[in-house]
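Thank you all for coming. Please take a moment to look at the sequence and the model on the screen before I go on.

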Amino acid sequence: MMVFKLALKNLLSAGLRTWLTAFILSLTLAAMLFMQALMAGMLDEMSTIRQNEEIAGGQIWHEKYDPFDPTVLEKANAALPNEIQSMVEKGDACPLLMISGAIYPKGRFKNAMLKGINPNQECLKLDFTSLNKINGDDRLSVMIGKRYADTLGMAKGDILTIRWRTRAGAFDAVDAEITSILRTNAPVMDQGAVYLSHEVVNKMNGTLNHSTLVWVKTDRVPPHIEGWVFRDFMYLMKDTLDMVKSKQVGQSIFYGMLLFLGLIAVFDTQALAVFRRKKEIGTFMAMGMSNAKVVYMFVIEGTMYGIIATFLTLVWAGPLFWWLAEAGMSFGGASGDDWGMAFGDRFFPVFTFGRVFGAILFVNLMVIFVSFWPTKVITRMLPANALRGRIS
Amino acid sequence: MKELIRLKGLDKIYPVGGEDFFALKNVALSINEGEFSGLVGPSGSGKTTLLNIIGALDQPSNGDVFMYDKRVSRIKATLAAQLRLHNFGFIFQTYNLLNVYSVYENVELPLTLLGWNESRKKKAIQEALEWVGLTDKIKSRPGKLSGGQCQRVAIARAMVKRPKMVLADEPTANLDSENSHNILKTMEEINRKTGTTFLFSTHDQKVIDYLSRIISLKDGQVIEDRQQEPKR
């Protein structure tokens, strides 16, 4: 208790130096917390968006389907087996048929993926009901994503020509009207995709109720279905998780540097104190304070920097972070559109108790370490040398 | 009088430029309880080194220090700290007061380290500050005091726990003549009243005049050890 009181007295007597050191540490802690929360928020948002608008509860793929190989697409579809068909009929699964094609917006040629979907599907939180619209002149109803529409310079009501190759190998073409623009933050659902009804694409392909994949609402699917493979949510999120992991490495380096700067402030205060306060330390020792108590006193002083910094962070950054978590933040209009990632134009950092507690604990442990280390120098000091200002 | 300190064959060697430099060489002497004595000699004669070794602030290279016939040289740092805490008071040339503490808190510190309770501390501090005439300055910080007042705080701090021995290293070196006499008078009075042993390290004639025993050092060796009638 006596050593604690002395440490507190030393700390309070240092006045402005104490507050500046604690404030720098507080900035570091806040920056660490914010960056962790921002990354977690981005991951949360990407997960939510991809789950709602791209993945659902998982997907059952035709065994030949490979999203990275468009050449197999022609053969990667089949009629759904009974197990899956019954899920579709119950509304627990939603089929998608994909075929390669091209579109001619305003006379230009563009490759496109023609995707046949049930307009009334309930697996994804996206509205495809405008595909039900019946247009004049036998024009098909199609939907395209907003960023694809922007790229093509097309809007709702515009007409485009769709060309595709039938299963028999012949080319065919038809006019279609954009009945609605699909608003989605999942880039995969947008870029290069032209949505038509499942039935229409089957007709274009010369097939009956064929599908390339099926979205399922939950991951409760039959364990083995001949010719079909279940891909769960985590499998389909792997690219995002890998991307976040690689970002986290870069981010750790960044906030490692921030932490280093903050700890330098404490280390500087503590380590320099060993030299600047050597006479004072010698005096404490001459009066009978043991080396261990001197070390203890310095460690307590350092620990208090951590505690004050934590308190400061909670006071100034707490309300700010709470507000940011509620209101989100925008980076000058940048969004997932610009980076090809699944999130909107506002970022919502996510602060959890575990994350806040973990960062506080980590920073405080580091502060204790850098306070302890220079004081080891003191323990090797003979009082006479300390009084003379020498380190033995 | 009972023997308090005995030094036997004491050497203190520092390596200088690859060779051994003897700061102290084969020093042997004893100091009795209640003495008001001094280590006298020019700069570099080994006074402060000897004082530090007696006070367990430093360790001898060879030889032994005994306190009440118990060997106290080459003991562990923790025991040395205990020895200093319970037996020695120190007065330094540059006062070594803690600037962030008030006069009261500076004097209080040794008692805090001893774990005394508040009422016992308060009584002892009051008495110590009365001895040095600083009861009106208890809230002042050392930075607001004169050199003489600072040294008097240092005396109070050294005396407040009633140590067996006070070791004073050039206590008047930074003081003018009048302040030096006042400080020395105070210490002599305390010595007489309490029987506390005082050992000075000095080459100041004003201090030497107050001493009853003079131990002269030269090049790390005791060259003279004599009693004298104080001349003040």
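Which residues in H3(B) are buried? Before I answer, please note that this is a predicted model, in which local features need pLDDT of at least 70 and side-chain atom pairs count only at pLDDT 80 or more, while totals for chains, interfaces and linings use all residues. Residues are numbered from 1 along each chain as its sequence is written, chains are lettered from A and ligands numbered from 1 in the order in which they are written, and side-chain values use heavy atoms, with hydrogens and water left out.

The buried ones in H3(B) are B:Val103, B:Asn106, B:Val107, B:Glu108, B:Leu109, B:Pro110, B:Leu111, B:Thr112 and B:Leu113, where buried means under 20% relative accessible area with a 1.4 Å probe, protein chains only.

Turning to the two chains, the contact (heavy atoms within 4.5 Å) takes 22 residues from chain B and 21 residues from chain A. In polar contact, meaning a pair of N or O atoms within 3.5 Å, where within protein one must be able to donate a hydrogen and the other to accept it, and residues adjacent in sequence count only if both atoms are side-chain atoms, there are 4 residue pairs between chain B and chain A, both residues at pLDDT 80 or more. H3(B) gives the most to the side of chain B that touches chain A, with 5 residues.

Notes:
Buried < 20%, exposed > 50% of the residue type's maximum accessible area, 1.4 Å probe, protein only. Helix = DSSP H or I, 4+ residues; strand = E, 2+ residues; numbered from the N terminus.
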